[in-house]
Amino acid sequence: MKYLAHRGFWKTREEQNSLASFERALRAGYGIETDVRDAVGRLVIAHDLPGGDEPGFEQLFALYDQIDPALPLAINIKADGLASALQQMADAHQASSYFLFDMSVPDQRCLAQTSMPVFTRQSEYEMTPALYESAAGVWLDMFESDWATCELITQHLDRGKQVAIVSPELHGRDYNPFWSRIREIAHFDGVMLCTDLPDQAENYFDK
């Protein structure tokens with residue numbers, strides 16, 4: 001299992017989506033999940049509407065170049081129409097370990113026409129993932145309950161899809177029951193866990 005540090009490996013809430021939290025994650029050997037928006041013609045790291053002082057997204061690619069470009073990078077698309085700018089930036093950095101997810105379905109159709117890897121979304125509200133066949137993987141979310149099963153995850157893997165699982169604590173629930181349930185597949189290739197607790201997850205699944 002690979003670990004995606006949700007908005008970086010942060011110690012306080014204020015550090016979320018900061019360059020410091022990203023560097024800490026990469027140096028610890030964790031991948032990153034983060035958000036991208038556009039602001040006055042540039043790509044920035046921002047979950048909510050940009051205020052003007054957000055880090056530029058290219059700074060994150062530069063950190064990957066410097067520390068470990070092989071670690072996974074999950075890019076949460078927060079606005080439509082970013083495909084061309086993202087493609088140019090990824091190509092300029094020769095990025096190969098990233099994927100895009102959470103875009104609108106119309107934007108997903110456009111992104112599917114590019115060479116960029118796209119994950120489709122599956123949740124209790126989207127049991128049939130959009131554009132599944134063209135997707136490189138599945139972003140598996142659990143908003144209200146720990147509904148996802150090892151059988152479902154294995155089915156996606158058997159169909160050649162990677163699976164990135166949203167850990168329950170991201171939605172305010174205890175992660176222990178779900179982590180215990182998926183321990184049997186933690187060693188499977190193609191499985192990622194997006195978590196606020198990458199160090200605890202690594203200790204739980206890998207030790």
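This is a predicted model: local features need pLDDT of at least 70, side-chain atom pairs count only at pLDDT 80 or more; totals for chains, interfaces and linings use all residues.
I begin with a residue in a loop. N17 is found in the loop that lies between β1 and α1. Is N17 buried or exposed? Its relative accessible area is 11%, and since buried means under 20%, N17 counts as buried. Leaving aside residues up to four places away in sequence, N17 touches R7, F22, E33, T34, D35, I45, H47 and P55. One of these, T34, is 17 residues from N17 along the chain, and the C-alpha atoms of the two are separated by 6.5 Å.

R7, another residue that N17 touches, also deserves attention. R7 lies in the loop between β1 and α1, and with a relative accessibility of 19% it counts as buried. Its backbone is worth a look on your screens. Most residues other than glycine have a negative phi. R7, although it is not a glycine, has a positive phi of about 60°.

I turn now to the helices, starting with α1, which spans residues 19–27. Which residues of α1 are buried? They are S21, F22, A25 and L26. Viewed down the axis of α1, these buried residues fall within an arc of 130°, so they line one face of the helix. Just after α1 comes G29, which takes a positive phi of about 90°.

The next helix is α2, residues 57–67. Two packed helices are described by the angle between their axes and the distance between the axes. How do α1 and α2 cross, and at roughly what angle? Their axes come within 10 Å and cross at roughly 25°. Angles under 35 degrees count as roughly parallel, and α1 and α2 are therefore roughly parallel to each other. Their crossing is right-handed. On the α1 side, the contact is made by L19, F22, E23, L26 and R27, and on the α2 side by Q59, L60, L63, Y64, Q66 and I67. Sorted by class, this contact has 7 nonpolar, 2 polar and 2 charged residues.

Within α2 itself, the residues F57, L60, F61, L63 and Y64 are buried. Their arc around the axis is only 155°, which puts them on the same side of α2. These buried residues pack against α1, β2, β3, β4 and α3.

That brings us to α3, residues 83–92. Its buried residues are A83, L86, Q87, M89 and A90. Seen down the axis of α3, they fall within an arc of 170°, so they line one face of the helix. What does the face turned away from that buried side carry? It carries the exposed residues Q88 and A92. The buried residues of α3 pack against β2, β3, α2, β4, β5 and α4.

After α3 comes Q94, placed in the loop between α3 and β5. Q94 is not a glycine, and yet it has a positive phi of about 55°. With a relative accessible area of 70%, Q94 is exposed, whereas R7 counts as buried.

Two further residues complete the survey. C110 lies in helix α4, and at 46% relative accessibility C110 counts as partly exposed. C110 and G81 are 29 residues apart along the chain, with 8.7 Å between their C-alpha atoms.

Finally, I165 has its place in strand β8, residues 162–166. At 0% relative accessibility, I165 counts as buried. What does I165 touch, not counting residues up to four places away in sequence? The residues are L140, M142, I153, F178, I182, V191, M192, L193 and C194. I165 and I32, 133 residues apart in sequence, are 13 Å apart in space from C-alpha to C-alpha.

Thank you for your attention.

Notes: Residues are numbered from 1 along each chain as its sequence is written. Side-chain values use heavy atoms; hydrogens and water are left out. Axes are lines fitted to C-alpha atoms, for helices over the stretch in contact, and angles run from 0 to 180 degrees between N-to-C directions. Helices (H or I, at least four residues) and strands (E, at least two) are DSSP runs, numbered from the N terminus. Angles under 35 degrees count as roughly parallel, over 145 as roughly antiparallel, 65 to 115 as roughly perpendicular and the rest as oblique. A crossing is left-handed if the near helix is turned anticlockwise from the far one by less than a right angle, and right-handed if clockwise. Contact means heavy atoms within 4.5 Å. Ala, Val, Leu, Ile, Met, Phe, Trp, Tyr, Cys and Pro count as nonpolar, Asp, Glu, Lys and Arg as charged, and the others, Gly among them, as polar. Buried means under 20% relative accessible area, exposed over 50%, partly exposed in between (1.4 Å probe, protein chains only). The arc is that of the directions from the helix axis to the C-beta atoms.
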